[in-house]
Amino acid sequence: MMTTTNTTTPTLETITVDGIRIRLRRGGGTEGTPLFLTAPYPQSVRAFDRAWAALAPLGPIVAVDLPGFGLSDQSEALMSPQAMGDFLPLLLDGLGLERVHAIVPDVGTLAALFAAARHPDRFESIVGGSGGVALPLLGEPLRQIVESSHADFAGVDGGEQVVGLIRLTARVPIEEEVLEDYRQSSAGSRWNDAAAFVRAYARDLPRLGKILGGIETPVLVISGKDDPFVPTSNGDFLAERLPHCVHEVVDSGHFVWEDAAPRYADLIVNWVHSVYRQA
């Protein structure tokens, strides 16, 4: 039986890329195409704790908090899907990663698809999902953020807001030290500042829709069956437009990587071992 929960606190480190301090976690083996993981919003690299042990045998792993997310430095210029997509090749260069399997749930899905459209040589495959990809398909809670302004959340402590949401909606108990990492990642105005990325969906999602048909990278989309933020129709949207895409729906809420970590990890392991070559 697969074990996917870590029992020790992972070692986190930082590097600076293009003047931006990036927090990351390294692990895995020494052979094979590296796995490049980007943390979902509003969580952090600790979101992958429950799947880490199962992914480690696949090869080298580098998980990052993207700029503005988790506990990486904020960069106003990168807070949109297209701008973050332009930054990803620079980040891969800074990490010494030439070509990767990109495991990029939530906001990372959009950035990686923009990046793959312009830099297909950097991606062996992409595993995404749980990120809204078409404005009419967004769940109401996500739509409200897209349509909000920074002023709407001025003075709100994002850290307490995020921890409260996760405690209410997560289907598995989340360790207190992980919740504390999430709290720090969104503390004060950090959640509101990071929401600028989501507010840019109104401009960038229509652009993304126009380029999907030209992305030849194999893509696995993993959706939560009961995701109130990003309904499964978003995964269907990608599967219908990307030339090489598989869409899997998992019995979970939004936080698939934690709610259903064994199934999430199994899908990725099978994808990397063989499935992506037939996509």
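A nonpolar core is a set of buried Ala, Val, Leu, Ile, Met, Phe, Trp, Tyr and Cys residues joined through side-chain atoms within 4.5 Å. I note at the outset that this is a predicted model.

**Entry 1: the core**

I looked up which members of the largest nonpolar core touch the most other members. They are Phe36, Leu55 and Leu91, in a core of 95 residues. I then took Leu91 and set aside its neighbours within four places in sequence. Leu91 is in contact with Val17, Ile22, Phe36, Val64 and Leu66.

**Entry 2: aromatic pairs**

How many aromatic pairs does a search of the whole structure find? I recorded 8. One of them joins Tyr41 and Trp191, with 6.2 Å centre to centre and 20° between the planes, and the pair is stacked. I located both partners: Tyr41 is in the loop between strand S3 (35–38) and helix H1 (49–55), and Trp191 is in helix H7 (residues 190–199). The pair links distant parts of the chain, 150 residues apart.

**Entry 3: charges over rings**

I checked two arginines against aromatic faces. Arg25 lies over the face of Trp52, at 3.8 Å from the ring centre. Arg241 lies over the face of Phe237, at 3.7 Å from the ring centre.

**Entry 4: Asp157**

Where is Asp157 placed? I found Asp157 in the loop between helix H4 (140–146) and helix H5 (158–169). At 33% relative accessibility, Asp157 counts as partly exposed, because the value lies between the limits of 20% and 50%.

A polar atom of the Asp157 side chain lies 3.1 Å from the backbone nitrogen of Gly188. For the backbone nitrogen of Gly159, the distance to a polar atom of that side chain is 3.0 Å.

Finally, I returned to Trp191. The C-alpha atoms of Asp157 and Trp191 are separated by 8.2 Å, with the two residues 34 apart along the chain.

Conventions. Residues are numbered from 1 along each chain as its sequence is written. This is a predicted model: local features need pLDDT of at least 70, side-chain atom pairs count only at pLDDT 80 or more; totals for chains, interfaces and linings use all residues. Side-chain values use heavy atoms; hydrogens and water are left out. Buried means under 20% relative accessible area, exposed over 50%, partly exposed in between (1.4 Å probe, protein chains only). Contact means heavy atoms within 4.5 Å. Rings of Phe, Tyr and Trp (its six-membered ring) pair if their centres lie within 6.5 Å; planes under 30 degrees apart count as stacked, over 60 as edge-to-face and the rest as tilted. Helices (H or I, at least four residues) and strands (E, at least two) are DSSP runs, numbered from the N terminus. A charge sits over a ring if NZ of Lys or CZ of Arg is within 6 Å of the ring centre and within 35 degrees of the ring normal. A polar contact is a pair of N or O atoms within 3.5 Å; within protein, one must be able to donate a hydrogen and the other to accept it, and residues adjacent in sequence count only if both atoms are side-chain atoms.
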